[in-house]
Amino acid sequence: YTQAKALVYSKYGEPGDVLSLHTFSISPSLPSSTLLLRTLATPINPADVNQIQGVYPSKPPFTSLLGTPSPSAVGGNEGCFEVVSVSPSITSVAKGDWVIMRSTGFGTWRTHALAGESEVLKVNKDGLTPTQVGTVSVNPCTAYRMLKDFEPLVEGDWVIQNGANSGVGRAAIQLAKQWGIKTINVIRDRSDATATEDMKKELLELGATKVVTEMELMDRGFSEQVRGWTNGGREKVKLGLNCVGGKPTSALVKCLSQAGHLVTYGGMSKQPLQLPTAALIFKDIKFSGFWVSRWSDANPVEKKRTVDEILEMTRLGMFKDVPVQELRWDWGTEESVLKEAIQGTLGGFRAGKGVFIY
Ligand code: NDP
């Protein structure tokens with residue numbers, strides 16, 4: 001028997017209150033079409049916390065599969081796993097391969113897992129770290145699809161985005177740069193000017209064309225500045241990516257060119273979006289939303305292709321990891337330490353995304 005642990009919850013609430021570390025065992029005789037996986041790396045994404053709070057639209061069912069005192073779900077949605085063994089009929093993956101989950105909702109914060117053959121996507125692990133593979137399917141895929149699927153962007157076009165230092169934002173900066181698309185990147189002002197300058201520098205080095213703070217964006221003269229950057233408006237700001245919502249997003253919309261498109265994918269400020277009426281009527285600005293879970297489920301083939309392409313860029317050194325705070329999850333790691341790592345996720349101004357390394 002394989003001894004395993006998982007972070008489970010049986011009711012919704014704050015992760016620190018409702019998560020518990022549950023020990024279970026996995027039988028060596030695998031059901032047909034099943035793989036035994038050992039977890040290598042699983043990130044803590046903002047949506048994982050929202051899911052545990054019960055405020056996220058996709059809610060994994062509470063089940064008794066792991067033998068918890070009350071039916072439970074396992075936290076986490078993304079990760080990199082190593083195949084330990086496979087049931088005899090399986091030929092698509094073999095012992096030692098690395099896989100990710102095809103869909104979100106699997107419950108990835110666990111040391112081991114049993115998964116169906118159809119639930120996993122095999123990746124080429126050559127030259128990659130578990131963290132790189134374990135964080136590819138949510139943030140980079142989201143940035144990639146938003147840049148490709150809403151407006152036909154050509155070299156020299158501009159994109160404007162807020163939350164530019166987020167996982168998605170950093171991916172968008174790098175992909176846009178590679179595709180010859182210029183970016184205006186909005187970050188929040190840091191507590192001191194040096195920290196703000198450091199963040200600007202970091203994103204410029206990643207490939208950002210311009211980096212500004214929310215305060216600079218909200219400044220009255222900002223549209224004029226954008227006109228200057230875009231050759232008097234001859235270069236078009238065709239796409240906006242909205243991670244944050246709230247008032248600053250209205251200012252961001254004002255920077256879009258005629259018939260531009262704002263794609264909302266996050267609501268980090270928890271503030272509603274106010275859309276300027278004139279933008280809809282006179283500027284014909286379009287507003288859309290994007291959800292990578294919906295996209296992945298509807299486009300499984302394209303999902304695999306997108307993941308493979310991003311991992312190839314990573315392998316070639318053309319796509320850099322986001323800053324992470326790795327936390328080692330060993331057999332002896334205490335529940336409180338794991339929960340603490342999760343609780344801070346929505347805090348803001350963080351040094352890096354939390355990633356469990358097993
Ligand atoms: P990260 O954890 O990498 O980054 C979080 C970002 O949010 C940082 O830029 C941070 O800026 C900003 N932020 C945190 N708190 C606030 C606040 N109160 N007001 C404004 N900004 C804030 O996040 P991800 O890239 O993983 O996710 C970012 C957002 O995108 C989340 O809302 C997530 O749910 C969503 N998302 C949506 C997807 C979809 O398919 N729709 C897919 C992937 C992510 P700072 O450093 O200044 O705190």
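Colleague: Which residue stands opposite Y9 in β4?
Modeller: A73 does. This is a predicted model.

Colleague: What makes β1 and β4 a pair?
Modeller: A pair needs at least two bridges. Strand β1 (residues 2–9) is joined to β4 by 2 bridges, so the two count as paired. They run antiparallel.

Colleague: What is the order of the strands in the open sheet?
Modeller: The 3 strands are ordered β2-β1-β4, with antiparallel pairing.

Colleague: Why are β2 and β4 called edge strands?
Modeller: Each pairs on one side only. That holds for β2 (19–26) and for β4 (73–74).

Colleague: Which helix packs on the sheet?
Modeller: Helix α13 (residues 335–343) does, touching β1 and β2. Its direction makes about 120° with that of β2.

Colleague: Now the domains. What are the parts of the protein chain?
Modeller: Domain 1 (2–135 + 321–357) and domain 2 (139–293). Their C-alpha centres lie 32 Å apart.

Colleague: How many residues of domain 1 are in contact with domain 2?
Modeller: 6 residues of domain 1 are in contact with 5 of domain 2. Contact requires C-beta atoms within 7 Å. The touching side of domain 1 has 2 nonpolar, 3 polar and 1 charged.

Colleague: Why is the ligand said to lie between the domains?
Modeller: Both domains give residues to the shell around the ligand, so the ligand lies between them.

Colleague: Which residues come nearest to the ligand?
Modeller: Of 26 around it, S166, G167, G266, V292 and G348 come nearest. The shell holds 12 nonpolar, 12 polar and 2 charged residues.

Colleague: Which helix supplies the largest share of that shell?
Modeller: α5, with 3 residues.

Technical notes. Residues are numbered from 1 along each chain as its sequence is written. This is a predicted model: local features need pLDDT of at least 70, side-chain atom pairs count only at pLDDT 80 or more; totals for chains, interfaces and linings use all residues. A residue is near a molecule or strand if its C-beta atom, placed from the backbone, lies within 6 Å of it. Helices (H or I, at least four residues) and strands (E, at least two) are DSSP runs, numbered from the N terminus. Ala, Val, Leu, Ile, Met, Phe, Trp, Tyr, Cys and Pro count as nonpolar, Asp, Glu, Lys and Arg as charged, and the others, Gly among them, as polar. Domain bounds come from an automatic or database domain assignment. Two residues are in contact if their C-beta atoms, placed from the backbone, lie within 7 Å. Axes are lines fitted to C-alpha atoms, for helices over the stretch in contact, and angles run from 0 to 180 degrees between N-to-C directions.
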